[in-house]
Amino acid sequence: MVATPVLRVRRLSKTFPGQRALVDVDIDVEPGEIRALVGQNGCGKSTLIKILAGFHEPDAGSEVMVADRPLSFGDPVSSDAAGLRFVHQDLGLVAALDTVDNLALGHGYETGRLGLIRWRQERAGARTAVRDLGYDFDISRPVGALAASERTAVAVARALSRHATPPRVLVLDEPTANLPAAEAQRLFALVRSVRDAGVAVIFVSHHLDEVFGLCDTVSVLRDGALVTTRPTAGLDEADLVELMIGRKLAQYDVPPADAAHQGEVALDVRTLETTALRGVDLTVHSGEVVGIAGLTGSGREELALALFGGCARGGVVAVAGTTVPQLRPDLAMRYGMGLVPAERHANAAFLEADLQENVVVASPTAFSRRGVLRRGSERSDVARWLDRLNVAPADTERAMSTLSGGNQQKVVLARWLRREPRVLVLDEPTQGVDIGAKAEIHALVDRAAADGAAVVVVSTDHDELARLCGRVLVLAGGRVVDELHRADLHADRITAAAVGHTLRSAS
Amino acid sequence: MTTEAAQPTNAAGVAGTAVTAGVTAAGPDPQPGAVSRRLPRPKFGLDRFSGLYVWLLIIIVFGSWLPDTFLRSDNFQIIAGDQAITAMLALGLIVPLAAGVFDLSCAATLGFAVAVVTWLLQQGVNPVLAVLLAIGSGAFIGLINGLVVVRLNVDSFIATLGMSSILAAAAYWVTDGEQIVNTASKTFLDAGSTRLWGISLPFYYMVLLAVILYVVIDHTPVGRYLYAAGGNPQAARLAGLRVARITWGALIVSATIAALTGVILAAKLGSASQDVGPPYLLPAFSAVFLGSTQIKAGRMNVLGTLVAIYLLATGVKGLQLAGSPSYVNNLFNGLALIIAVALAARTHRRR
């Protein structure tokens, strides 16, 4: 460790009104190092990254040096000029544009003498950039039509592409949040090749296995302060979790998901078909938690929406014996189904609205008398739910947008648990959620099942499926290709089933 | 439903969060027991109620500048009565804008209703029937708007812009391009011009409409449906709300209220020509957008809209009494709208 740090952060503090988001953080990152940055939601990670990216200005006295030159704060252009490059969680790509255009969003177009774009050079450059990262896909397709890992590659290519200065530090903010395991492996190979080129990488992730599998060192933030920076070698997951949350993680009871506890059939699905699903049968009993696994493109992404009526479907979906017509979420709901959809911001959250409205939106008349709302009793009921789900802060009048991801997800859960659904469908229920909230959400799912709900969990997090489910169906090519039961429910086994079948059907 | 090109909630959304955030003093994830919790900053409501303060300021400034002409009760009575028509149109417009759809045809609908009711009365149709037919034509216009937006998937901005033009043609056709004068029904004219406590009756109709809309939007689930559909249509759909139906209904409501407003305007004017409607469009939109920075900031709301209307009207009246030329009216309205929404957006960015 004699190399000089390419990024040197000293006494970095940031105070928001009423809250210190970062307190005297010191971090050094060396060239050719992959540094994990971990911590619970709200620990200050995003604030740190936003300061580096120039979106926030830190408090006076803070100092950031990039390659021995001070970074001027609050200006994305000078961050970029200093060689700091970012791939944000949502990637920041324009889905309707192709790879060439998306790359040009970063560095501008190559133009000829008349100011016309030199398309041939642009395309050649994009093709090389993508190939350098070990990918080979059609750069003229809209990026919205690419696989998730390919989109990530486009974002990385853009971050690394030619600017006035070479890239020195690449910051990846939860790049695997939407990637299935196999595609995440491709991304890791990419990250290693970036590191080997001498770029320092800062890797933000909630997945601790990624931290250990990929990163050389790890910095832990808690409550805005740096807890420690250490090599990952010599740490184990339990140690790291303890560093992140400041205490040992309570072990929740493993669900009693054996056949003896099952009630009658609550959800009966026959030959479910969508653009990606090719005839899926599924039966879930009350009190049962059934998992759905599968790689991107296996039809997994569409299953939850199709069940609830959020996208067009064929086949029969029946809740407690009543057939639900397609494209009618209102009826699915009336017959007792609830859906916590994936991609909270697009599909579930009303960010400008307060928590009370976010909770009651699915049962707006529960507390009205002769058509007039009784806000008082509604508020105390919502407050009780926020409390029960341990939402912080449990303030019914707070805007949804001010909560962290995990707390927003709990609010969405409260919306449905409050209706006591017969069938609860959860799509990526802990996406972008910190480890403490994740355990709490899992416990809530256990409890809902224990109270008699039939639960379907669709997830790319195979540890999560192993933790929650009594049974997991594995999808590939739009069909159920495997069914795993309690006895062989391990994350590795699920992953193997998902990947194995994909390979088999491809060959 | 609506594309990015026309999302009425966006503009107000920006303005809105601004203020909510200011009130709750929120960072991303405050730590429990943080100091700010125990020592809340005093709230003067400088953001949410800024309109009221400005209004007061305007009254004080013009009151001390022109004590003889401005500070007279009949002056305030005139302001109240004059703005009733714009206010009613703006109140109706809140409904679709809250639900995330534009209704650019509301002013044309108003103009069309003026023409229809006046023409019917001139033809000797029973006044009650004439009024019902005119209001019914408004509901029908809203129905067609909804059909085009929901079933044909045309962006509401375009659909209602087109409808606006069609209605202008229809109003011309009904009036034959001439001014038609209503001499048939005195009761009808009285309903538009009689004064009660010095203020003409349309003001009281407007107050009644405001009360009804306030109760419906703030105290029944309907308001929740509107704001949810406007805030995030996809999430609203996945929370079991029938967004298409909400959109459709909102367009019917705004067109019906616009037609009702037209009937009242017809009673007030006693005549109709093909061009009475369009001048009301911008003031109504301005009032709703400016109003969305007030009282319940970030949301199109009834009280905020009324504050906006009367704030602007008071300012304009004061300037007129001080001897400003007539174009000051438009100038003042435009500047006030842009400055107010820009200030709210600035607070939002600084968060």
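Modeller: Let me begin with a term: a residue is buried if 20 or more other C-beta atoms lie within 10 Å of its own, exposed if 12 or fewer, and partly exposed in between, with C-beta atoms placed from the backbone. Helices (H or I, at least four residues) and strands (E, at least two) are DSSP runs, numbered from the N terminus. This is a predicted model, in which local features need pLDDT of at least 70 and side-chain atom pairs count only at pLDDT 80 or more, while totals for chains, interfaces and linings use all residues. Residues are numbered from 1 along each chain as its sequence is written, and chains are lettered from A and ligands numbered from 1 in the order in which they are written.

Biologist: Which residues point which way from strand 16 of chain A?

Modeller: A:Met337 and A:Leu339 point one way, A:Gly338 and A:Val340 point the other way, and all of them are buried. In a regular strand the side chains alternate between the two faces of the sheet.

Biologist: Changing topic, where is A:Ala67, and is it buried or partly exposed?

Modeller: A:Ala67 lies in the loop between strand 4 and strand 5 of chain A, and it counts as partly exposed because it has 17 C-beta neighbours inside 10 Å. Its phi is near 50°, a positive value in a residue other than glycine. Most residues other than glycine have a negative phi, and most peptide bonds are trans.

Biologist: What about the phi of A:Glu174?

Modeller: A:Glu174 has a positive phi of about 45° although it is not a glycine; it sits in the loop between strand 7 (169-173) and helix 6 (181-196) of chain A, and with 22 C-beta neighbours inside 10 Å it counts as buried. As for peptide bonds, the one from A:Ala392 to A:Pro393 is cis, with omega near -5°.

Biologist: OK, chain B now. How many helices and strands are there?

Modeller: Chain B has 16 helices and 4 strands, and buried residues make up 54% of its 351 residues. In helix 6 (residues 106-122) of chain B, 16 of the 17 residues are buried, so this helix is largely enclosed by the rest of the structure. Just after helix 6 of chain B, B:Gly124 takes a positive phi of about 85°.

Biologist: Which residues of helix 7 of chain B meet helix 8 of chain B?

Modeller: B:Ile141, B:Ile144, B:Asn145, B:Val148 and B:Val149 in helix 7 of chain B meet residues of helix 8 of chain B, including B:Ser156 and B:Met163; contact requires that the C-beta atoms, placed from the backbone, lie within 7 Å.

Terms used:
Contact = placed C-beta atoms within 7 Å. Expected span 1.5 Å × (residues − 1).
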